[in-house]
There are 2 protein chains.
Amino acid sequence: MFRTDAALDLAFQALADPSRRAMVDRLATGPATVSELAKPLAMSLPGVMQHLAVLEASGLVASEKIGRTRTCRIEPKALSRAEQWIAERRALWERRLDRLEAFLDETTGDT
Amino acid sequence: MFRTDAALDLAFQALADPSRRAMVDRLATGPATVSELAKPLAMSLPGVMQHLAVLEASGLVASEKIGRTRTCRIEPKALSRAEQWIAERRALWERRLDRLEAFLDETTGDT
DNA sequence: ACAACACTTAAGTAGAGGCTTAAGTATCAT
DNA sequence: ATGATACTTAAGCCTCTACTTAAGTGTTGT
């Protein structure tokens with residue numbers, strides 16, 4: 001019927017939460033540990049872990065545990081896929097507006 | 001503490017649902033009535049109305065009722081804001097990778 | 001050894017989200 | 001006026017989400 005792209009569901013769902021966007025925002029400046037991500041987030045650590053799990057499930061963030069600390073980083077490809085989905089639809093719409101404008105110019109601007 | 005941008009919450013939340021993305025997808029090709037949006041969506045009309053309400057609340061879609069039909073269209077500015085939020089974070093991360101690479105080139109590629 | 005540290009798991013709860021069916025309300029066509 | 005059309009409102013249901021607290025598990029420093 002229509003493309004039911006589950007990866008995009010997860011990516012946009014992940015970005016819909018302000019705490020998770022704050023985490024992505026922080027990670028955009030470079031890798032960080034779970035505690036570092038948690039620090040600015042008025043929330044218990046398990047709460048942060050759950051947000052991290054959502055971000056990892058969406059593919060937007062990856063993490064690796066070394067010793068007792070887990071280090072997280074951004075996964076730019078997943079970010080890019082979400083970005084492009086929007087960009088493509090917007091481009092389509094704007095091309096349509098351009099065609100409309102061109103049509104109007106042609107039919108009214110005719111000397 | 002951190003920017004709690006409610007507009008982005010709503011936009012990403014709206015895009016997180018496959019039915020709503022299908023609606024945006026359709027609208028990208030041009031305006032459509034509620035029935036037209038509903039047609040491909042294995043769902044009752046009230047269900048579609050609720051999705052439309054979410055899309056309008058997010059600012060991604062606007063609609064206008066004329067007579068008994070409501071015509072919907074894309075609001076490219078809201079689409080653009082969501083797109084840019086992602087683009088900015090991705091750009092930040094990629095600039096960071098570039099600096100890292102430049103640093104490594106400089107310190108190891110030294111003849 | 002043993003305490004501090006950095007997560008991790010488990011379980012519970014209140015509220016939001018995605019549907020449904022049933023019953024409206026205007027418009028439009030004849 | 002009457003019926004069909006195109007939404008619209010209301011109510012209910014069940015699942016999923018975003019937290020919480022309490023109780024672990026493995027690592028590291030002294």
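Predicted model: local features only at pLDDT ≥ 70, side-chain atom pairs only at ≥ 80, totals over all residues.
Of the contact residues of chain A (heavy atoms within 4.5 Å), 98% recur in chain B.

Over all chains there are 14 salt bridges (a side-chain nitrogen of Lys or Arg within 4 Å of a carboxyl oxygen of Asp or Glu). One of them joins Asp9(A) and Arg21(B) at 2.5 Å, N to O, and crosses between chains. The helices (DSSP runs of H or I, at least four residues) are tabulated here.

| Residue | Helix | Range |
|---|---|---|
| Asp9(A) | α1 of chain A | residues 6–15 |
| Arg21(B) | α2 of chain B | residues 18–28 |
| Glu101(A) | α5 of chain A | residues 76–108 |

Glu101(A) also belongs to a negative surface patch with Asp98(A), Asp105(A) and Glu106(A). Patch residues have over 30% relative accessible area (Shrake-Rupley, 1.4 Å probe) and no salt bridge, with like charges joined within 9 Å.

Residues are numbered from 1 along each chain, and chains are lettered from A in the order written. Local features need pLDDT of at least 70, side-chain atom pairs 80 or more, and side-chain values use heavy atoms.

Definitions and conventions
Patch = residues over 30% accessible without salt bridge, like charges linked within 9 Å, V, L, I, M, F, W, Y side chains within 5 Å. Lys, Arg positive; Asp, Glu negative; His and termini not counted. Charge placed at Lys NZ, Arg CZ, Asp CG, Glu CD. Helix = DSSP H or I, 4+ residues; strand = E, 2+ residues; numbered from the N terminus.
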